Amino acid sequence: VSQSRYYLSPGSRNAPLTIGFTNHPDFTCYSIADERCAGFFALGIAQQKQKPVAVVCTSGSALLNYYPALAEAFYSQIPFVVISADRPHDKIDIGDGQTIRQENVFLNHSLYNANLLEEASEENDVFINEAINVAIAHKGPVHINVPFEEPLYQTTNKLAVDVNVTGLFKSEPTVRVEDIIAFSTLWNFSQKILVVVGECKPNSIDKQWIDELASHPSVVVLTEATSNLHHPDFIYNIDTLITPFTDKEFTELQPRVLITFGGMIVSKRIKAFLRKYKPRHHWHIDELRAYDTFGILTKHFTVSPNQFFKQFLPHVKRVESSYKDIFQEIREQRKLKHNEYLSQVPFSDLKAFESILAVLPENTQLQISNSSAIRYAQLFAID
């Protein structure tokens, strides 16, 4: 937890937490009055650093304002620690102000819920340690609920318990040899392999494996604006590409093998395509989770995508196929139509996205909102 960041919101019940964190040299603390804003501010830092960031609030409904950010951390696999001050157990549901049932309040979207005892204890140490380790190892939100009895502002120079939060270190998992043999055989007998990439961190795949994927004539790689994965042969504008497809084209381009990695997919079109024209095999690559987005998941490789391709690609061969060429030809046709339309369309949301994305400075951190914003962004190349 050295040099960790904590975002503190105001209150009295959380005074012991505020005093403790702000007086400790290893914690960088920020004060953000509104809990909802504090939650999303902290989430952005955790997203960029991929390290746990904590938010601290007082008791009562203040805690519920963290829920939107916590839910986002859950689905985006971002380490996020919520620490809430609480009233003692005997003050709950007796008519005291600023009290709600705080224990396990995030149960549906929290990976771990630590409900601490009112007195300092070794049990509390275990709960805190487990919460932080889960946030790190499983990349998601945890909740630590801390009941305090008054007085709230007294300080001490001696800790009642020993602090012993241990880091969790583990070697990176690898693909089993028998899986490499079995699944490389499937690859080598497939002329239509579709790779669909969801949200990824920048530079998470080595260039060697990006180039290798792009070199296979039987492989088509579809990326999204959130994929942070770039190659001239990768297709970024999924919706522009497949929206005009006829049933005959969908059938002809139905993949035999679908490989997915990264976070959730934005494009509704690709979901509809693969749910109706199902591939025979769907492999998902992720160290932690595998959503069965298309209803045909056949294998979950519990390794990082980079580790998978590092082990797997040296064992596959180039299969002669026109699959990639067909997609590339369609892409060029769509690009001409797209540019022709943009040259004629009046100023609109679409035109605004074309103008803004084209003039973004290099090395820009671009954060795209949900709903229409991300769907417009999917229509354009973004560096």
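Colleague: Which residue stands opposite Ile 259 in strand 10?

Modeller: This is a predicted model, where local features need pLDDT of at least 70, side-chain atom pairs count only at pLDDT 80 or more, and totals for chains, interfaces and linings use all residues. Residues are numbered from 1 along each chain as its sequence is written, and side-chain values use heavy atoms, leaving out hydrogens and water. Strands (E, at least two residues) and helices (H or I, at least four) are DSSP runs numbered from the N terminus, and two strands pair if DSSP finds at least two bridges between them. Strand 9 (257-261) and strand 10 (281-285) pair in the parallel sense over five bridges, and the residue opposite Ile 259 is Trp 283.

Colleague: Nice! Which are the edge strands of the open sheet?

Modeller: The five strands run in the order 8-7-9-10-11, with parallel pairing. An edge strand pairs on one side only, and here these are strand 8 (219-222) and strand 11 (299-301).

Colleague: Which helices do the buried residues of helix 12 pack against?

Modeller: Buried means under 20% relative accessible area, exposed over 50%, and partly exposed in between, with a 1.4 Å probe and protein chains only. In helix 12 (349-358), Leu 350, Ala 352 and Leu 357 are buried. They share one side of helix 12 because they cover an arc of only 155° around the axis, taken from the directions from the helix axis to the C-beta atoms. With contact meaning heavy atoms within 4.5 Å, their partners are helix 11 (323-344) and helix 13 (372-377).
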